[in-house]
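Please keep the structure in view while reading.

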Amino acid sequence: MKKIGPIIISVISFIFLFLLCFNYNKKDYPKEFYNVYLEGNLLGTITSKIELEQYINDKTQHLINIKDVVKTYCEIDENVQELINQNKDVTYYKNEQGKDCVDIKLTTGEEVKNIYTPNGLEIEKVLTYSGSLSSNSDIYSKIVALKSFTIKGYQFTIKDDDKTSFISVIDKSVFEKAVNELINTYVGKDNYHAYLNNNQLKIDTVGTLLENIYIQEEITVKEKQIAVDVPIYTDYKELANFLLFGNNPKTSTYTVKDKEMLEDIAFKNKISNEELLISNPKYKDINSLVSIGSAIQIKETQPQLKVVVENYVVEDHVNDFKTVYQYDSNQYIGYSKVVQEGEKGLERVSQRRKIINGVIVYVEPKGKEALKPAVERIVVKGDKYVPNVGDSGNWDWPTDSGWSISDPYGWRFNPITGIRQFHPALDIAGTGYNSAIFASNNGTIITKEYGGGYGNYIVIDHNNDYYTLYAHMNKFASNIKVGDTVARGQQIGYVGSTGQSTGPHLHFEVWYKCKRCDINPWKLFE
C-alpha cells in the first residue's frame, strides 16, 4: 500500500504536465493571415488573399471610360420603370407636346472581363498569434474611398522637350493603328503606303519624293495596371480622332455664301486651309469649287503628336517679269511710255522641305534651272530722280526666283509656340540663306532695327497709303539707313533666320492706310 501513493502522485503529475504542454503549444502556435496595405498604410488584416481579390472582381463594376448620360423616355414600359427604380437621378416633366416624359441619368461605359486591385495595394502574408480581423467588405469599402481599381493594359509615354503626356490602351495595336491613321491624314494614304513599300514614282521632270516620315516626340510603352478612372482607348479610330483634334474641339457648320471660295471660308472661321480640308475630305485642294448653300464642317485641330515629313520637291515656277523704269530728263514729270513689253519666265526649282503637321518649317534650295528667261518690261518716265512715292499699280516681288510660300497669310498653329494665332504675312522660303531681299516699291525707310520675334527687319513707307515690312533678315544692305528713299527692286537686305524662325525665309507684311493695318500681301500682285 505504501507503493500506491507515490504511483498515484506520479500519474497525476504526468497528466498535469501533459495538459500544461498541450495548452502551451496550442496557445503559442502562430496563424497565417494577410495584412492589406495601400500606399504603405495598413487597411486591415484578412484571412485569404484569394478571397479578397475574388470579392473585388465580383463586387466591382466591370466598366471603363465611365460617363454619365441623360436619356429621355416618353413611353414608360416595364424596362423603363426598372431603370427608374434602379436610379435616383430621375426628372419628370411634360414636353412641348404636353406629353409626360422622364429624364434618367445613367452610367455607361465599355465592359471589360477582369478588374484588379489598385496600384499601390499590397497584400502581405504574416504569421501572428492573435489579432483583430477585417472582413472583405470592410477592406473593399476603404479601397473604394481612397483609390481606383485597375485593368491590365499598356501605357504610352510621350515626351516633347519639357512636356510629358500619357495615353492608355487595352492593346498596343490600338495606338499603332491610330498613329498610322494620323500620318495618313497629313501625308495621304496612298503616298504613305507607297513610302512604306518603297515603290514611290521616280521624279522624271517634276514631282515629290517622300524621303523620311516620323513622329518627333519620344514615345515609350510599358505594360501596367491602369486605373479605370482615366481614358483607356479600345478603338483606334477614336484614338486617332483624339490625336488629331484633342478633347472637345470647337466644331460648327458653315453655309457657303455667294462668291465664296474655300480659302475665304477658312479665313473667316479662323482655321488654316489644311484644317478645312482635313474636316472636309471631299475637297481635294483649297482651290476646289464649292457651291452656294453647301455645308462646310469647321473643326479646329489640336494635334497631340508632331508628324514630321521630309521630302524632295521639283516644281516648275512661273516667274513674273520685272518692270524697269528709265528716266528721261527731257520729259515732264508724269510722262510714261512702255518701250518694251515684259514676258513671264519659267524655271524648274528643286527643294528639300521639312513639314510638321502640314506646315512647312524649313526649305533648303537644291537647284534652279531656267527653262525660259523672263523678259523685263521697260518703262520710260519723265524726270531723272527717284520719287519716294510708290506706284500702287506695280509692285516687285521681294526675293529672288525659286521661292516657295512656307506659311501663307491666315490662321495657323505657330510652329514655334504651338499656339493658334493669326499670321499676318507671307513667309517666302527656298531662295537660300543670304539671298537678296528687295524693296517692293519706291518709298522711305522708316524702321531698320532688330525687333524680338522679327529679328532684323525693315519697314518702308511707300507714301501712297501702303507700308511693307521685311523680317528675319540675316543682315541689312550696307548702303541704307532710316530716312533714305529706296527704289522699287533695290536690294535692302539678305535672307536669314533671325528672331523667331524655323529656317531661312522672308516674313513679308503689307499694311494699308495705317501702321499695323494688315492686308493679304497677295493683293499687291493680283
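Helices (H or I, at least four residues) and strands (E, at least two) are DSSP runs, numbered from the N terminus. By this definition the chain contains 9 helices and 31 strands. The radius of gyration, taken over C-alpha atoms, is 38 Å, well over the 24 Å that the globule rule (2.2 Å times the number of residues to the power 0.38) gives for 526 residues, so the chain is more spread out than a compact globule. The C-alpha trace spans about 165 × 70 × 50 Å along its principal axes.

The structure is a predicted model, in which local features need pLDDT of at least 70 and side-chain atom pairs count only at pLDDT 80 or more, while totals for chains, interfaces and linings use all residues. Residues are numbered from 1 along each chain as its sequence is written, and side-chain values use heavy atoms, with hydrogens and water left out.

Burial is judged by relative accessible area: buried means under 20%, exposed over 50%, and partly exposed in between (1.4 Å probe, protein chains only). Of the 526 residues, 40% count as buried. A contact means heavy atoms within 4.5 Å. Among the contacts with a separation of 6 or more, 72% are between residues 24 or more positions apart.

The next topic is charge. Lys and Arg count as positive and Asp and Glu as negative, while His and the chain ends are not counted. The place of a charge is taken as NZ of Lys, CZ of Arg, CG of Asp or CD of Glu. The chain has 59 positive and 67 negative side chains, and the centres of the two sets lie 4 Å apart.

A salt bridge is a side-chain nitrogen of Lys or Arg within 4 Å of a carboxyl oxygen of Asp or Glu. The count of salt bridges comes to 18. In one of them, glutamate 75 pairs with lysine 99, with the closest N and O atoms 2.5 Å apart. This pair links distant parts of the chain: glutamate 75 is in the loop between strand 3 and helix 3, and lysine 99 is in the loop between strand 4 and strand 5, 24 residues apart. Glutamate 75 counts as exposed because its relative accessibility is 55%, and lysine 99, at 36%, counts as partly exposed.

Another salt bridge joins arginine 348 and aspartate 316 (2.7 Å, N to O). Arginine 348 lies in strand 17 and aspartate 316 in strand 14, so the pair ties together parts that are 32 residues apart in sequence.
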